Number of protein chains: 2
Amino acid sequence: MLSDIEIAKSAKLKDIRQIAFSLGIPEERLKLYGNYIAKVDHKYLKELEQQGKKKGKLILVTAITPTPAGEGKTTTSIGLSMALNKIGKKSIVTLREPSLGPVFGVKGGAAGGGYSQVLPMEDINLHFTGDIHAVTTAHNLISAMIDAHINHGNELGIDIRKVYWKRAMDMNDRALRQIVVGLGGSANGYPREDGFLITAASEIMATLCLASDIADLKRRIGEIVIAQSEKKGLIRVKDLGVQGAVAALLKDAINPNLVQTIENTPAFVHGGPFANIAHGTNTLIATKLALLLSDYVVTEAGFAADLGAQKFLDFVAPTGGLFVDAVVLVASIRALKYHGGIAKEELSKEDVEAVIKGMENLKVHVENLQKYGVPVVVALNKFESDTQAEIDAVMENSPVKCVVNEVYAKGSEGAIELAKAVEEIAENTPSNYKPLVPMDLPVEQKIELIAKEIYRAGKVTYTETAKSKLSMLKKNGFGNYPVIIAKTQNSISDDPKKINAPKGYEFTIRDFQISAGAGFVVALAGEIMLMPGLPKVPAAVNIDINENGEIIGLF
Amino acid sequence: MLSDIEIAKSAKLKDIRQIAFSLGIPEERLKLYGNYIAKVDHKYLKELEQQGKKKGKLILVTAITPTPAGEGKTTTSIGLSMALNKIGKKSIVTLREPSLGPVFGVKGGAAGGGYSQVLPMEDINLHFTGDIHAVTTAHNLISAMIDAHINHGNELGIDIRKVYWKRAMDMNDRALRQIVVGLGGSANGYPREDGFLITAASEIMATLCLASDIADLKRRIGEIVIAQSEKKGLIRVKDLGVQGAVAALLKDAINPNLVQTIENTPAFVHGGPFANIAHGTNTLIATKLALLLSDYVVTEAGFAADLGAQKFLDFVAPTGGLFVDAVVLVASIRALKYHGGIAKEELSKEDVEAVIKGMENLKVHVENLQKYGVPVVVALNKFESDTQAEIDAVMENSPVKCVVNEVYAKGSEGAIELAKAVEEIAENTPSNYKPLVPMDLPVEQKIELIAKEIYRAGKVTYTETAKSKLSMLKKNGFGNYPVIIAKTQNSISDDPKKINAPKGYEFTIRDFQISAGAGFVVALAGEIMLMPGLPKVPAAVNIDINENGEIIGLF
């Protein structure tokens, strides 16, 4: 099979204005970035809402607990949307923007793969429309303002030991995780401990993805808690008076990016927050706009269902006023065997027993999703090494309808059955979607509910740090705030080594963070890596550009 | 008078395709960024060169030694180009891209001012086409690769005390000048001293601005010296094998940005290197392309004539094969009075004597420029506080033709006389342009020549550090390399306090840096600030965005 970029280059792209036209978007609402990418003015959303336009159905794509390599949620989302178009439905896929960190690190490109890609992949993977750079800059303007404020007299009395706001960069760079800034004498300010996050982990990214418009974005940015002051308590961005400039830096980033799939169907690729310390889905603006422009919107939530889908169903959808019509749970034989106890290196060997054993993981996720009242269909992502006996075992043991999916190798042709299954469910099995976690519960009760109902823990404990942070949160009015739990993506539990379907274990909250701009409290369970590192031989050494400006070696 | 952004908003912009059309650029060579900004494929330059198209005349705009507020080189360049169009010449202005550091710091926007601006100013000032972010990312990919290499076994034997390559950010952030990275234990690599430059000071920026095409850019990036190894000597980017990925990140940044002036005349705004540790002019690709598309190209060199013009005339023009037809030297009554000994706060008061005294500074710059065989015209930038007696004093004492220039308040109407003077000179006074510093002289002789002939020093001395670096340079084959001198912009000398026309002083080189990718050795005279800081009340607190997405408070 050809490489992703070779397949991408052989595709015939349509002018993006044609794609926009097919959705009824007037040309004056577009800002072109070349012939194949356009931003759609976010104010167009309000316009359509005021017209009372009918919303399409929302299909959430999530996955079972993956192997470290990932099981193809993005390719499935793209392929499903292409297939829905193929069977006569107007469908848009909405995705997150790829971060440069993984592009140069282990993963390579992140715009789908094989015959299920969004294009132009080399642009989407490299800078795209500059949204992530805008978020990085907006983030670092706040950082620079904090140190400038401290340097010029520190009127707010910021405690330099309690600056919560780190710096950000869209790069895998472990050397920046923990640093000391302000060295070299008084001209350079006050030395203090600091560190960089990868931009996907920035609260600015989460905030941008949840904001409804510029005014809301600016208000949210103003609320962001950046530090503590002994005399003034929590210090926020609005105390520095810079929320306007930060929002100004996001003037274009707030507008959804319209691109196309390899089969010329529409796609919004917009925003890219982490699914552990943030909510893990593309911007609400893009999803809401897509819903007003199509019959079906296929959207992807980051990591496995216990992380991305839980956050989407309990927090993102209620925040954006979204109704979820169906959930597609992506599974793979490889991942099932992994949960069945097979070592990573042995996953290509047939092992029906292991598949059946690993189905416990799938069953937990299905059960969890059903607690939200949403219909679930399993999409079994076919890999070359899968055998018919293994596939049959999945089919026989799946608690809900299960369809084999071959979008990577076949594009929409590989997902026709999946599209039909989704259509059948969406048309004939009304969703009773309702969040599991009420918005107004106290923080501990929210955590209890998620840990026991979704993560299947027996008991929740708090470290001393977590307890004291929690009492600080309560004192500052965050006691009933929405909760986002940050934990490993490699297990349903808080321990990456607990594969398959752990239960009854002790779930530990070790700390809290406030994301008052994004609008949630983060409960940290386990060590969460917010700045990845480059491997010994990173993808960067294979990426190249030829004399004609064509990108080579991007997978 | 209205603010810059108010004036900008009242302008009627033309579709950028119309501007391109007026220059004969075919639409398929454009990549649009909305309706008013386009990138022109850099390969179009080669095409025009192969067609043997006739080149226009090149006018270099430089200035006398300025007051810290600057004397209006950019507005003069834009206004002159608009006025040349007004008198029937096809003229393009080529400028550097504004850095976000000054936008949020002291200066505000940097796309001209008053009735002499390039538009859309809010886009040009905020992210523009993402070139500077691409340079930042390209720079930091190298940084991340260095620390990853050290972390994963350090096969090259990089001495962590001798990593020359710092990190970069497009922000005024003094706390990042001197930092320690890699703290927090072995998972985060090896602790070492480091620091951030503002992106304009990155060698990637200088390299991009000097490269002739992608192949040349990639070759140059590979040559960049990043560190020293005891066993392997100088370590370069190509030793990490990442020049391809770094160049890939610059795939769009290499293409010139076409915009328009407030009077709808064409402008290329492309690249933005410092004029102290780098050469201080927009990309060679943009200037060369502009020369093949027009009768006159007006280009601006950073800082005063001793910095920007010297570098342009001795290094940039020979590197790019450019011929300089005339030089416009921008002066202001304020700056002349400053050199005449008047305090900054008193510059608005009439003082003819001080003006006459300060003319010494202007005369040195004129004399210097004449050493290059180029015709010089003085453009006296009129400010509101200037009196007729002061203006007359300048006219009477100017060693060359001097024209009053009012582009800020009047647009092209304020520069008609200047345009006519430039036309007259360019048509009737053939330039005998020739570099003053031969390309193949030893480094010390080059420094001697520039220090004595341009800076008017009596003697050049080297610190011990400089001497040992110089012998290292010679050992590594840089003994006859081009030299870029980094020194203060506030004096002709190396001492910012020496105003007007210092001479016979001792000029001290304190260190050297190698910019092997850009293709020069930097001789550092005095402390050069490569990462500015934010003032107590930065411009950022006045910048805002309203609900319609319009930017407010950008000057």
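Me: How many residues of chain A are in contact with chain B, and what makes them a contact?
Reply: 71 residues of chain A are in contact with 71 residues of chain B. Contact means heavy atoms within 4.5 Å. This is a predicted model: local features need pLDDT of at least 70, side-chain atom pairs count only at pLDDT 80 or more, and totals for chains, interfaces and linings use all residues. Residues are numbered from 1 along each chain as its sequence is written, chains are lettered from A and ligands numbered from 1 in the order in which they are written, and side-chain values use heavy atoms, with hydrogens and water left out.

Me: What area do chain A and chain B bury between them?
Reply: About 5900 Å², 65% of it on carbon and sulfur atoms. Buried area is the accessible area (1.4 Å probe) that two parts lose on being put together, summed over both. R174(A), K251(A) and I545(A) supply 10% of the area that chain A buries against chain B, more than any other three residues.

Me: Why is the pair K536(B) and E155(A) called a salt bridge?
Reply: The term requires a side-chain nitrogen of Lys or Arg within 4 Å of a carboxyl oxygen of Asp or Glu. K536(B) and E155(A) meet at 3.5 Å, N to O, so the pair qualifies. The count between chain A and chain B is 8 salt bridges.

Me: What makes E453(A) and K371(A) a salt bridge?
Reply: Their side chains meet at 3.0 Å, N to O. Between domain 1 and domain 3 of chain A, the count is 3 salt bridges.
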